[in-house]
Structures are given as C-alpha cells and as structure tokens.
Amino acid sequence: MVSSMRCFARRIFVEPAVISTGKCLQVRQDQLAPETHFVNHVSTVELNSHLKQLVKTGFLNDARLLFNKMPQRDEISWANMISGYVNTFQAPEALSLFSTMFVKSELQLDPFVLSLALKACGLSMNICYGELLHGCSIKSGLINSVFVGSSLLDMYTKIGKIDKGCRVFEQMPVRNIVSWTAIITGLVHAGYHAEGLIYFSEMWRSKVECDAYAYAIVLKACADSSSLNHGKAIHTQALKKGLNESSFVANSLSTMYNKCGKLDYGLHLFATMKTRDVVSWTTIITTYVQMGQENNAIEAFRRMKDSSVSPNEYTFAAIISGCANLARVDYGEQLHSHVICLGLVDYVLHGLHIWL
C-alpha cells in the first residue's frame, strides 16, 4: 500500500509539482541538502525541540536553515516546518515541502501533516492541488480521520465549493467541534445563513460542546440575516454556558443586536464587557453614528485611544463618517493626518466604501 501510494504521489506531486501559482515547479533539492559542518552528534529529538521553538517564536528563516542542516528528519521535523509556513500564510512553501516529504522521504503520510497541506490549499485557493490531496486521502484511508475530514471540508468551503464541503461533512464517520464549526463557518461566509443556522441546530442536538467561536460565527449568521429571534435564543444559550464574557461572543452579540435594529441592546452589552478590543470599540462607535449620536461616537473614540487600543481602518471609517455628519472639518483633518501617518489611507477608503 505504501509503495503504491508513493508511486501515485510521485506522479501528482513531482512530475511536476503543482503549486499555488498554477505553474509547474520542480522540488528544490538544494534547499534540503545538509551542510557538512553541521554537528551530527545532536539528537533528532533535541533538534526538533529547537526547530519547534524557532517556528513558534517567528524565526521561520532560521528554522528553515536548521531544518536544511538536519542529518535526519522524522515526521515531527517535517510537521513543524510545514506548520510554520501554513501559520504564516506561506502556502506555496508549505505545499512544496509537503510534496518533498511525501515523495522523497521514507515516511508514511500522516493525518496531521495532510491536514496542514489541505489548509495550505485553502489559503492559496489551490483547488487542483486540493483535489489531488482529496484523492490521496481516499486512497490511503486517511479520509476517515477527523483532522483530515475537517481540513478537507474547510478547504472546499474556502475555495467556494460549498456542495463538496457539505458532502465531505455528511460522509465523515466522526465529527467534532472543529468539523461542525468549519461547515457552519463555510456556509455563513458564503452567504448561506439559514443553512448555517440549521447546521448549528443539528450540532446542538448532537450534544457537541460548542465553543466561543462556534457561537460567534452563528451570531454572525443571525446578524447578516437580521434573525433577531434566533439571535436571542443563541444569546440565552451563551449565557447558560457562561460564554457571553468571551470577547468573540460579546462582540458578535453586540453586532447582531445592532444589525437587527436593537441598538440600545448593543450599547448595554458594551457597557458590561470586561475586556474591550478594537472590534468592541469599532462596533460601539459605529452604533453611535447609526443612532445619530456622533458626539458620543467621538467621545468613544477618545476613550478607545486612552485605553491603549489601536484603531483599525474600520474604526477610522466609522469615526470619519461621524465627523462628516457633524461637519467637523477640524477633527476630520486631524483624523486624516493620523491615517496618513499610519499608512492606512487606502484601507480606510475601502472601509468607508463598506461602511457606507
């Protein structure tokens, strides 16, 4: 089985490897050649520990240099390096390294590493490579892994293949919170809000323990579809679970009530938040502007700055809109200068387009 799988992989990954650009790239062997001056007596376990630390702390180039010099690499070595590229959104590097691992090494395909490669496909919108990996997962039997299945459906929904993502989900023998959240997120982000709510209801009936992110994404579905009754019911569930204090959930609740026209509810939630991030402040500023309380919006912006929370492009878009409503040219000019200094002009213009 392993031999046939490796031959299959050699055909699809090396002859030639398909990377996110859609062009044919050969695996670069020079990147993997160990240097002669490397200290060979250091164990692979120790090197893996150091490699993991370099990746974790963001020294990815140093990690790659160490990886290249390692005289022996096991599954952990490859997984650490590939995850580093995936987590820093360097999908082509991740896929290239994955191809080399699977074809050139004697290691067997691992569910965790395969799930990383699928995530890289989703990040780079590489449907061609992703479908090849789907075939590999079926041929190897790894399709039954909850990690692989979850990553596969997440990849399909990110690429826009919602039907395929749903089919993968329905065929999964085991589902966990990651699987459920992935399918709900994919549906909601694609605009299928009602379907996302249906899947959330099924997850709830399946007795799966929901986390803060699951609540946040389903509240987004309620907000975008103005489903106030569903939103209130989910708010009640979150309160019972004690998840309403999570910044993810609190911000989503505030946004949901605002979009459903219950602006006072959103203001009350903001007042009771223990932790306020840029999303919290931007939401409250936007709410004040929508209510015609631009002076309160400006005051909230000042309080945000005093609390050492840095505004983003959407914050600036909201407060600039408020200044325009008040014809506060002086304050608007100050904000404009601030935006220029931060290099956010284009982003703020984009934010204004969305906000308006």
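## Close-up views of a predicted helical model

**View 1. Helix α12 and its surroundings.** Helix α12, which runs over residues 212–224, has 13 residues and reaches 18 Å from its first C-alpha to its last, close to the 18 Å expected at 1.5 Å a residue, where the expected span is 1.5 Å times one less than the number of residues. Helices (H or I, at least four residues) and strands (E, at least two) are DSSP runs, numbered from the N terminus. This is a predicted model, in which local features need pLDDT of at least 70 and side-chain atom pairs count only at pLDDT 80 or more, while totals for chains, interfaces and linings use all residues. Residues are numbered from 1 along each chain as its sequence is written, and side-chain values use heavy atoms, with hydrogens and water left out. Because 10 of the 13 residues of α12 are buried, this helix is largely enclosed by the rest of the structure; buried means under 20% relative accessible area, exposed means over 50%, and partly exposed lies in between (1.4 Å probe, protein chains only). Among the buried residues of α12 are Y215, I217, V218, L219 and C222. The elements that cover the buried residues of α12 include α10 (177–189), α11 (193–205), α13 (228–241) and α14 (247–259), and contact here means heavy atoms within 4.5 Å.

View 2. Most residues other than glycine have a negative phi, and most peptide bonds are trans. K207, in the loop between α11 and α12, is a residue other than glycine with a positive phi near 65°, and at 73% relative accessibility K207 counts as exposed. S226, in the loop between α12 and α13, is likewise not a glycine and has a positive phi of about 55°; at 47% relative accessibility, S226 counts as partly exposed.

**View 3. Aromatic rings.** A search of the whole structure finds nine aromatic pairs, where rings of Phe, Tyr and Trp (its six-membered ring) pair if their centres lie within 6.5 Å, and planes under 30 degrees apart count as stacked, over 60 as edge-to-face and the rest as tilted. One of these pairs joins Y257 and Y265 in a tilted arrangement, 5.0 Å centre to centre with 55° between the planes. Y257 is buried, with a relative accessible area of 4%, whereas Y265 is partly exposed at 38%. Elsewhere, ring pairs link F169, W180 and Y199 into a cluster.

**View 4. Arginine ends over phenylalanine rings.** The charged end of R73 sits over the ring of F67, 4.8 Å from its centre, and the charged end of R276 sits over the ring of F270, 4.3 Å from its centre. A charge sits over a ring if NZ of Lys or CZ of Arg is within 6 Å of the ring centre and within 35 degrees of the ring normal.

**View 5. The side chain of S77 in helix α4.** S77 lies in helix α4, which covers residues 75–87, and S77 is buried, with a relative accessible area of 0%. A polar contact of 2.9 Å joins the side chains of S77 and D74; a polar contact is a pair of N or O atoms within 3.5 Å, of which, within protein, one must be able to donate a hydrogen and the other to accept it, and residues adjacent in sequence count only if both atoms are side-chain atoms. When its neighbours within four places in sequence are left aside, S77 is in contact with T44, N48, L51, F67 and M70.

View 6. S137 is found in helix α7 and, at 1% relative accessibility, counts as buried. The side chain of S137 reaches the backbone oxygen of H134 at 2.6 Å, and, leaving aside its neighbours within four places in sequence, S137 is in contact with L114, L142, I143, V148 and L152. G141 has its place in the loop between α7 (127–140) and α8 (146–159), where G141 is partly exposed, with a relative accessible area of 35%. The C-alpha atoms of G141 and P111, which stand 30 residues apart along the chain, are separated by 9.9 Å.
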